[in-house]
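This briefing sets out selected features of the structure shown below, grouped by topic. Please read it with the sequence and the model at hand.

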Amino acid sequence: MKKCIYLCALAISCSATLSVSAQRIATWLTNEDRSQLFAPQPVTVSFSPKAGGEPVITVNPDSSYQSIDGFGFALTGGSAQPIMKMDAKARAALLQELFGTRGREVGISYLRVSIGASDLNDHVFSYDDIPAGQSDSALAHFDLGPDKDNVIPVLQQVIKICPAIKILASPWSPPVWMKTNGDTRGGRLQPQYYGVYARYFVKYIEAMKAAGITIDAITVQNEPLHPGNNPSLLLTAPEEAQFIENDLGPAFQRAGIRTKIVLYDHNADRPDYPIFILDQPKAAKYVAGSGFHLYGGDISALTDVHNAHPEKNIYFTEQMVVDFGRQGKIYDSIMHIANPVKRLVIGATRNWSKNVLEWNLAADPAFKPYTDRGGCSSCQGAITLAGDSVSRNLAYYSIAHASKFVRPGSIRIASNEPDELPNVAFTTPAGKTVLVVANTAKKNQSFSIHYHGQYASLQLRAGSVATYVWNK
């Protein structure tokens with residue numbers, strides 16, 4: 001009997017070891033020299049009990065952090081316009097590639113849209129534009145306007161491909177009649193219109209819902225401390241706190257709006273802005289979390305805000321990703337992908353962000369359209385569209401390395417970061433483990449993945465990014 005127990009235990013032990021060691025790692029690779037562009041590799045690597053070489057990335061699924069809502073881009077009016085100009089068949093194929101999950105489709109799962117125009121529209125508009133000198137406190141002239149011709153049709157097609165896609169909406173400016181300067185640029189929201197502007201948000205969410213589009217979250221103001229864009233608005237932290245507490249939060253509550261409210265939506269150099277508002281319970285009770293860009297500051301500021309208020313979410317809502325050379329021209333022979341993946345995909349999620357959104361989805365070869373008097377003239381899209389011709393750019397590949405595999409509902413898990421091998425790991429709802437690694441060194445690197453006592457030996461060329469996927 002003792003012999004039987006021993007042999008049975010040995011069999012179980014061997015079975016467990018074989019189960020782990022039999023795990024095979026699928027690899028998707030992008031090389032800096034463009035020899036591989038988000039390409040599945042024909043050879044898989046297996047775990048084994050034998051320790052591999054140094055350095056070692058240890059992935060620990062027993063230590064977990066935030067859940068993930070998704071990865072994607074801003075679908076500006078300037079993105080939607082060239083998409084809608086495509087032939088219907090070409091447009092359908094492109095959207096399937098972007099939002100599907102089969103084969104080499106990249107599985108975008110999160111989008112950001114503008115409430116009214118952003119600086120990447122061909123002209124500035126709000127949803128309640130009236131002649132100068134007039135006001136419309138009843139919002140009788142509210143209308144989704146130009147978005148009905150481009151953004152909304154694109155979203156409706158996207159939802160058919162990815163019904164669960166999350167959408168974040170952000171205003172660049174209220175209607176000018178609500179502002180102190182009567183201009184699309186800068187100025188402040190007049191206090192007498194705080195309540196009206198809150199109802200403007202409600203009407204927007206309800207109008208989008210009527211079009212079959214659910215807005216998961218809104219930010220109160222895009223870049224509230226940068227009034228130089230066209231359009232834009234200056235909104236200080238005390239003003240935003242007052243607006244949320246007295247107007248926006250109660251308006252959502254009265255209307256039964258379940259859309260999340262995300263505050264700040266600006267650079268990581270001012271974590272004091274969201275913390276100021278989150279420190280005020282009467283405003284904070286309406287807030288889901290804080291949104292960040294990274295044109296200034298350090299990505300670690302997201303953790304500072306998380307530590308100050310761990311009960312609230314962190315979102316990464318915008319960053320332009322363009323590979324400009326020294327003469328201001330975009331590189332076309334190499335792709336510096338390691339840096340944006342390190343800074344954004346890895347950096348934001350390792351600092352508690354539930355999403356990563358890059359700026360923006362599409363533009364034409366001249367980076368158009370954009371507004372005059374402050375629109376972005378250097379914002380390359382993740383894809384460049386010239387009629388039905390599609391070029392895939394740096395932002396496309398940097399997001400693809402996460403969006404395809406780290407599906408909504410995934411959980412970030414622990415992994416150490418050896419020098420010049422930044423990385424981030426997740427477990428997915430489908431039972432996969434995903435590890436995204438960037439080689440930021442100027443030399444090729446050999447390293448090992450350590451998982452549940454097993455090791456896999458790998459190599460990554462200088463400047464390359466790889467996503468490794470295996471069964472957990």
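In helix α10 (residues 338-350), the buried residues are Ala338, Pro340, Val341, Leu344, Val345, Ile346, Gly347, Ala348 and Thr349, where buried means under 20% relative accessible area, exposed over 50% and partly exposed in between, with a 1.4 Å probe and protein chains only. The model is predicted: local features need pLDDT of at least 70, side-chain atom pairs count only at pLDDT 80 or more, and totals for chains, interfaces and linings use all residues. Residues are numbered from 1 along each chain as its sequence is written, and side-chain values use heavy atoms, with hydrogens and water left out. Helices (H or I, at least four residues) and strands (E, at least two) are DSSP runs, numbered from the N terminus.

**Helix α10 and what follows**

- Helix α10 has 13 residues, yet its end C-alpha atoms are only 16 Å apart, short of the 18 Å that a straight helix would reach at 1.5 Å a residue; the expected span is 1.5 Å times one less than the number of residues.
- Just after α10, tryptophan 352 has a positive phi of about 85°.

**Asparagine 355 in strand β12**

- Asparagine 355 belongs to strand β12 (residues 353-358) and counts as buried because its relative accessibility is 0%.
- Its side chain reaches the backbone nitrogen of phenylalanine 316 at 2.8 Å. A polar contact is a pair of N or O atoms within 3.5 Å; within protein, one must be able to donate a hydrogen and the other to accept it, and residues adjacent in sequence count only if both atoms are side-chain atoms.
- Not counting residues up to four places away in sequence, asparagine 355 touches Gly70, Tyr110, Tyr315 and Phe316, contact meaning heavy atoms within 4.5 Å.

- Helix α2 (residues 77-84) packs with helix α4 (residues 151-161) at an angle of about 75°, their axes 8 Å apart. Axes are lines fitted to C-alpha atoms, for helices over the stretch in contact, and angles run from 0 to 180 degrees between N-to-C directions.
- The contact is formed by Gly77, Ala80, Ile83 and Met84 of α2 with Val151, Pro153 and Val154 of α4.
- In helix α3 (residues 88-99), the end C-alpha atoms are 16 Å apart, which agrees with the 16 Å that its twelve residues should span at 1.5 Å a residue.
- At the start of α3, a side-chain oxygen of aspartate 87 comes to within 3.0 Å of the backbone nitrogen of lysine 89.
- Arg91, Leu94, Leu95, Glu97, Leu98 and Phe99 are the buried residues of α3, and they pack against elements including α2, α4 and α11 (394-403).
- Helix α11 is mostly covered, with ten of its ten residues buried.

**Serine 290 in strand β10**

- Serine 290 lies in strand β10 (residues 289-297) and is buried, with a relative accessible area of 1%.
- Leaving aside neighbours within four places in sequence, serine 290 is in contact with Val262, Leu263, Pro274, Leu278, Val305, Asn313, Ile314 and Tyr315.

- Arginine 254, in helix α6 (residues 237-255), counts as exposed at 67% relative accessibility.
- Alanine 251, also placed in α6, is buried at a relative accessible area of 5%.
- Leaving aside neighbours within four places in sequence, alanine 251 is in contact with Ala198 and Val202.
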